[in-house]
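Q: I have a new structure open and would like a walk through it. Can we take the whole chain, then a few residues?

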Amino acid sequence: MIHIDEEAPADVGAREVLLDRVMPDRAGKPSERLREGRLPAAGLALVARVGGTVVGSVRLWHVTAADRPALLLGPLAVEQRLRGKGVGAGLMQVALNRAELAGHKAVILVGDPEYYARFGFVADPATGLHMPGPVERRRFLAYEFVDGSLAGVEGRVMAAGAMVTGLREAA
């Protein structure tokens, strides 16, 4: 049985091993520039476990979309052997539900539209935005909890939120 919960300090090592295994090229991505040195949004770093083993992870991060607050989703990672079994979808649903309940208005991400469309992500709200590096336009997507929260927004997506200040937080 798969259990989804908030990431605990004891999950950090397993999460990093999972990310290194399933996303070896993540360090070079523009989204990573926005996450560097930052803490994920409170309550929005999640893991999926089977037994006590971390098999999936997703985190959301504070950003500004030009002048508006938003969240950046990613990375979403699932053990290869469990892909297609609902682990990623479960992590997405819990993450989006928690973000909406916390009062966030919009989430952006860079990912496959064929996968993220099922959760309501579309390109339209992000058309006036750009990342701090090259991304394939069709993969730059947004989801608005509040309709129009990204309407007319134009400019760069910038990192926001709390900075890592100590070794414990860095882990």
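A: What follows goes from the whole chain to single residues.

A: This is a predicted model, where local features need pLDDT of at least 70, side-chain atom pairs count only at pLDDT 80 or more, and totals for chains, interfaces and linings use all residues. Residues are numbered from 1 along each chain as its sequence is written, and side-chain values use heavy atoms, with hydrogens and water left out.

Q: How many helices and strands are in the chain?

A: The chain has five helices and nine strands. Helices (H or I, at least four residues) and strands (E, at least two) are DSSP runs, numbered from the N terminus.

Q: And what order do the elements run in, from the N terminus on?

A: The order is β-α-α-β-β-β-β-α-β-α-β-β-β-α. The radius of gyration is 15 Å, close to the 16 Å that the globule rule gives for 171 residues, so the chain is as compact as a globular protein of that length. That radius is taken over C-alpha atoms, and the rule is 2.2 Å times the number of residues to the power 0.38.

Q: What box do the C-alpha atoms fill?

A: Roughly 45 × 35 × 30 Å, taken along the principal axes.

Q: How much of the chain is buried?

A: Buried residues make up 44% of the 171 residues. Buried means under 20% relative accessible area, exposed over 50%, and partly exposed in between (1.4 Å probe, protein chains only).

Q: What about contacts between residues at least 6 apart in sequence?

A: Of those, 69% join residues at least 24 apart. A contact means heavy atoms within 4.5 Å.

Q: Charges next. How many positive and negative side chains are there?

A: There are 21 positive and 20 negative side chains, and the centres of the two sets lie 3 Å apart. Lys and Arg count as positive and Asp and Glu as negative, with His and the chain ends not counted. Each charge is placed at NZ of Lys, CZ of Arg, CG of Asp or CD of Glu.

Q: On to residues. Where is Asp11?

A: Asp11 sits in the loop between E1 and H1. With a relative accessibility of 7%, Asp11 counts as buried.

Q: Which side chain does Asp11 pair with?

A: The side chains of Asp11 and Arg49 are joined by a polar contact of 2.4 Å. A polar contact is a pair of N or O atoms within 3.5 Å; within protein, one must be able to donate a hydrogen and the other to accept it, and residues adjacent in sequence count only if both atoms are side-chain atoms.

Q: Is Arg26 buried or exposed?

A: Arg26 is buried, with a relative accessible area of 12%. Arg26 lies in the loop between helix H1 (12–22) and helix H2 (30–35), and the side chain of Arg26 makes a polar contact of 2.7 Å with that of Asp20.

Q: Last one: where is Gly166?

A: Gly166 is in the loop between strand E9 (155–159) and helix H5 (167–170). At 30% relative accessibility, Gly166 counts as partly exposed.
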